[in-house]
Each structure stands twice: as C-alpha cells, then as structure tokens.
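Hi everyone, thanks for making the time.

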Amino acid sequence: MRALIMMVAIPLAGLSTWWGVSSFAGSRDAGPRDTFTAVRKNFKVILQEKGELKASSSIDIKSEVSGRSTIISLVPEGSSVKKGDLLVELASDEIEERVQGEKIQVAAAEATFESAERQLEILEGQNESNIRKGELKLRLAKLDLEKYELGEWPRQKQDAAFRIDSAEKEHERFQSNFEYSKTLYKKKFITKSEYDRDEFAEYGAQVELEKAKRDLEILENYTHVKDLAQKTSDVSEAEKELERVKQEADNKLSEKQVAVQARKDELALKRQRLQKLEDKMAKTMILAPADGLVVYGGGSSRWMGRDDQIKEGAEVFERQTIMQLPDTSEMKVVVRIHEAQTDKIRLDQEAIIEVEGISDRKYTGRITKIAVLADSQNRWLNPELKEYETEITINESDPLLKPGVTARVEILVSELTDVVAVPVQSIYSKMHKSFVFVGHKDDAEPIEVQLGLASDEFVEIKSGLEPGQEVLLAVSDLMKTRLPEVEPPEDWMPGGPMPGAEAAQRKPRMGGGKRTGGSMKGMGKRTRGGGKGRPRGGGKRG
C-alpha cells in the first residue's frame, strides 16, 4: 500500500500559490528544476499582521440619565472639541415638568416643617410654664406643712393650754369666793341672791375649765391630726401632680419631636428627589470633560443596526456609550496574533507600522500589551480559531493618524546571524518531521533536518545539513515517494494540529496572500473569517 505523504510547501513573498504544488504538480515525471547550495547567512525573521488604529487612552461619554432618553442634538463625528464644549443634548421636557412639580412639593413640605417647628417651640414653652406652676404649688404645699408643724400647731396647742390654765385659775378664784360666800351666808352677812350669784359664778368657772380641757383634747386628737394629714396630703398631691405634668410634658414633647422629625425627613426626601431630578436635568447636557476627537460610540460596530446608530432622534439607555473622546496624541495598533505565533512576541518588541491612506510614511512602535486569554470575538465563525489581542504603541505622534483606520505591522521577531539557511520552498514535511532532498537530479535523497526560525524566504537549518550541500528546490511526485515512513507522535490526537516545521508557519509579506491560523489533519482549512486558507503542511497526499 502506498504510504500517505504530507508535504510542506512554504509561500514565497507576495505569492498566493504554493511552490511545488501549483508549479510542479502537473506531471509525476517532471524532473528537478533548480538547486540551492546551503550557505551561512544573516536574515531577519519578521511577523506580519494587519490591525486597527486606536487611541492609547480614550474617554467614554455615556448617558447618565436613568431609563431611555432621546438625542436632541450632538456634535458631528470627527469634530475636534475643547473641554467644556457641548457634546450631546438629550430630551428634557418630561424631566423639567417633574422638576417643577417636585419644587412645589418641596415648598409645601418646607411650610409644614416650619409650622411643626413653631408648634414644638410653643409646646416647649407651655411645658416649661406648667412645670413651673407644679413646682410652685409643691413648694407652697411644703411651706404650709412646715408653717403648720412649726408655727400654727405649736401656737394652737399653746393657746389651748393657756385657756385651760386661765380657766383653772378663774375656777379657783370663783371657787374661793363661793366658799367664802358660804361662810358669810351662814352668818347672814350676805343675802340669798348674793350667795346664788357666787355659786353660779363658781359653776360657770367649772364649766369653762372643762370646756378648755375638752378643746385641748379635740385639738390634739382631731383638729391637729386632720390638719396635719391635709397639709401632708397637699404636699404629696403636689409632688404627684408635678410628676404628672413633667410626664405629660415629656410625652407631648416626644410626640411633637417625632412629628417634627417626620416632617423634616419628608422634606429631606422631597429635596433629595428634587436634587436627583435636577442632576438628571443637568445630565441631559453632556459637556466634553477634556479636549479630543469625537468618535461615535455605536457607529463603528458592524453588528449595530441602522435604528441603533448614534444620531439625532435616536434613543439611548442609561450607561450606554454615546461617543468617545480618544486622545490622538498617542495611538496604538491592535492586532490579533494566532496562538501558533505567540511564542515569538514579547513586550517592548520593536515593530514597523504602515497605515492605510498614508503611503509615504512608515511609523515605528513597540509591543506594549499581550492579552493573557485568547480573543473570542470571532469564535462563533470559527470555534477552533484562537487569537491573542496585542497592542503596538506608535512612537510618533501624527495628526493624520485617526482611530479605526487599518494598519499593517511588521514585528521584528529575531535577527539570525551566521546560520545555515536554505529557501523555504526546499523544505518538505511528513507528519512531524522535515526533510530536504540532497544530491543532483534523480540521485537526490531526502535527509531529515531540524528547523529553526524562518522568514518568508529562508529557513534556519539547526542540524542535518552542512554549508555547501546542494538541495533541490522542487522534486517530482516520484521522488516524493522516497520520503521515509514516519509514525505520528505519541501525544498527537487525530484532528489536532500536527507538530511540524517552523517554516510551515511563515506568512507572506504585506500584500501577499491570505494568512492561515494553523493546520488540521492533512491539509488545514483554518483561516480568519472562515474562508479557505493555505494548509499548514501545504503538502499533497502522495
């Protein structure tokens, strides 16, 4: 059974056909057309990519109005603006009506709050007056009690004792007179009426004495007890009443304070609503935060429909980017590097940039950012395509450089010095090994070589070939059958990329052919955009 041979044919600069496939596949018996003597030489390894110009720094101008709003006016795209210039005006009629309505509510809330504060002041004065009255009443009740205990009661008791003492002395005097009258009456010195008069006087003195004693008893046992209890009760009631007044004052004050706080909170809430509406009103006028060039936020999206583009009359939603103000004083080129090429780039690597529309100038730059994760922007077109977004900052500042313009980049990967090199079209690969045909014409035999870096024209030979040996640049189909059988590597999975020569991953120079993103089994089909590309092996099944 004839062995399956996968061969690599490397594109020459500027050509979109495959050397050895298109030029020499017409006849199996075609002989070799040319040879090349392996030599030591110096050459540059350059990675070429196409990308888009962007500003290194840019300010997003977004709608800060909640919900959706309509664009009334906006500056034309591409205009140069200064800080403070009006960029966008959004519809504000509805917001203005709400602002006026909220101002009326705020004024009413302010009047209600001021009235509540005045009522609180009145209540505080009334509470102070009531408390002072209660304190005065308590103080007077205590004075009455003290006055009674220390003044009135001792005086009343003293008066009662004095009346008893007077009545006793009066009784003793009248009793002595009556006894003397008895003696005189017996001796017939006084008349019966005089005797009766002295007897009645003695009796009256006796009654007055008993009355005075009874008054003292009533005073001590009843009147004093009653008066003392009444005045003590007056003090207690005054204390309780003062406590009630204070408690009622505290309760009324707390209620009024709560009412005032509620009015204050209500006013603060309405003021906050008004402030938000005023802020929202202010946000309908979007001013430039800095100098810059106007780039519409949605106009450059290829997936954006006509109705979604940024224009007068269009609706925008909150936090939507309406436009950008890129700082064009420092520009960068954003390219996507295939995963097979990422090992050749590094930060601060130098690059040459050509910009579409500026044909008379080349710019220099350096790699300033390499994405950590693969870009999935076009993943749905080709799920197997894995590319890493890379930024090349342009060293020069030029007003001709505008965001969105296509740029071509040449990244200097390496400068090889004094290495053994052969043309890339002389390399043939079978599975994961690379070969060259050494010899003359029909006597040439394939020998395995280890490849290094490659440009679009030459590939470095690390081992297997010495300077001075001649290699064939093209061989017949018959000669290709001399390639030895090669077993696939142990870690190779069917359908996965086949480890191959470094030269098989070279891309054509600017303007030459489509670039491929890798390989599939046999002949790869992976290209950016999903179109048919060149096979990584470039070979032909033999």
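Predicted model: local features only at pLDDT ≥ 70, side-chain atom pairs only at ≥ 80, totals over all residues.

Let's begin with helix α2, which covers residues 192-283. At 1.5 Å a residue, its 92 residues should span 136 Å, and the C-alpha atoms at its ends are 129 Å apart, so the two values agree. Where is the kink in α2 centred? On Leu219, where the kink is about 45°.

Staying with that helix, have a look at Asp198, which is found in α2. Is Asp198 buried or exposed? Its relative accessibility is 16%, and because buried means under 20%, Asp198 counts as buried. Leaving aside neighbours within four places in sequence, Asp198 is in contact with Phe174, Asn177, Phe178 and Ser181.

Now for the strands. Three of them make an open, antiparallel sheet in the order β3-β11-β9. The edges are taken by β3 (58-62) and β9 (295-296); each has a single partner strand, so one side of each is left without a neighbour in the sheet. Between β3 and β11 (residues 321-326) there are five bridges in the antiparallel sense, and Ser58 has Pro326 in β11 as its bridge partner.

Last stop: strand β15, residues 387-394, is mostly covered, with six of its eight residues buried. β15 pairs antiparallel with β12 (residues 331-338) over seven bridges, where Ile337 stands opposite Tyr388. Five bridges join β15 to β14 (residues 358-370), again running antiparallel, and Ile370 has Thr390 in β15 as its bridge partner.

Notes. Residues numbered from 1 in each chain as written. Heavy atoms only, no water. Helix = DSSP H or I, 4+ residues; strand = E, 2+ residues; numbered from the N terminus. Expected span 1.5 Å × (residues − 1). Bend = angle between axes of the 7 residues up to and from the residue. Pairing = 2+ DSSP bridges. Buried < 20%, exposed > 50% of the residue type's maximum accessible area, 1.4 Å probe, protein only. Contact = heavy atoms within 4.5 Å.
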